[in-house]
Amino acid sequence: MRTIPYLVDGDWLEARLKDPNLRLIDASTFLKIPEGQGFPELWSGFEAYQKEHIPGAAYADLLKDFTNHEGAAPFTIATRDQFLKAVEPLGITDDSYVVIYDRGPLVNVDILASDWSARLRWQLKYEGFDNVAVLDGGFRKWKLDGRPTESGISEYVPAPFSGERREHLIVTKEDVKAALGDENIVLINSLSEADFRGETMTYPRPGHIPGSKHAFFGAHSNPETRLLNDDATIQATFEKLGALDPSKKVITYCGGGIAATWNALLLNKLGQENVAVYDGSLNEWASDESCPLVTE
């Protein structure tokens, strides 16, 4: 049962740092896209977390512990057993509420979106836990506001996780194939316009899935405030795509199922609950020559 907002700001969080029911999680992960052609470079944010984090925050290693390394594509979501093992040290119980933050989506690119936090939030939702929020503006905004930090490692008392998996929140390649041409399904590509148009070679083949709408995950925040745009502005973006129609299902995708969860979070915030994430995204789709891509 949800008792907290989908996103919270620094004032909201700072006032609750000592709440025993809070589970504050640093999900920082670093991704660097090479200039020109080539696959992104990825590394854990654990070292950065140890140097400085929000007081009391535990660290969740999305690359090491929350990803199935034997999956069909990079970032394949963890198996249920793997997830249960990884989440237990975070001490999440039925009485807990969770707030997640990170240090931004990309290295050396100032995109305003907490997509790593959104990814972990989506995994918790997928595994059956709803009372979770993302810190708007993330660690960068927290620091800019001069709020407290600490170094070292913080831990919670481990607790077994009791949620039940919701399979309908994630779709497969075959599900997306079946959705092509279906007027009751809205496909949303969450990458940059250059990626959408096929002007980059970050993935095995350029372009987007036919029929996809475009909503860049990094375009929903205000560069001056470094916080989300107001709901009306974000709502207008998704309404143009038909994504807020309650009679339709929305599937979000990106390169590896990370940025897609940011758009999914915002759609949930606006009241669209019929949203699934294509976990394999273009890492999987573009690797299969039988899966069509278009570049117009």
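Which segment does Asp288 lie in? I looked that up to start: Asp288 sits in the segment after helix H10 (281-285).

**Ground rules.** I'm working on a predicted model, where local features need pLDDT of at least 70, side-chain atom pairs count only at pLDDT 80 or more, and totals for chains, interfaces and linings use all residues. Residues are numbered from 1 along each chain as its sequence is written, and side-chain values use heavy atoms, with hydrogens and water left out. For elements I go by DSSP runs numbered from the N terminus: helices are H or I with at least four residues, strands are E with at least two.

**Asp288.** My cut-offs are under 20% relative accessible area for buried, over 50% for exposed and partly exposed in between, using a 1.4 Å probe and protein chains only. Then I asked what Asp288 touches, skipping neighbours within four places in sequence. Asp288 is in contact with Lys173, Lys177 and Arg205, where contact means heavy atoms within 4.5 Å.

**Helix H3.** H3 runs over residues 80-87. Which residues of H3 are buried? I found Phe83, Ala86 and Val87. These residues are on the same side of H3, because they cover an arc of only 90° around the axis; that arc is taken from the directions from the helix axis to the C-beta atoms. As a reminder to myself, an α-helix has 3.6 residues a turn, so residues three or four places apart point the same way. On the face turned away from the buried side of H3, I noted the exposed residues Asp81 and Lys85. What covers the buried residues of H3 includes helix H4 (115-126).

**Leu84.** Leu84 is also in H3, and I have this residue down as partly exposed, with a relative accessible area of 26%. I also looked at Leu84 against Ala159: they are 75 residues apart in sequence and 10.0 Å apart in space, C-alpha to C-alpha.

Most residues other than glycine have a negative phi, so I went looking for exceptions. Phe75 has a positive phi of about 75° and is not a glycine. I placed Phe75 in the loop between strand S5 (58-59) and H3, and Phe75 is buried, with a relative accessible area of 11%. Arg226 is another non-glycine with a positive phi, near 65°. Where is Arg226 found? I traced Arg226 to the loop between strand S11 (221-222) and strand S12 (227-228). Arg226 is buried too, with a relative accessible area of 18%.
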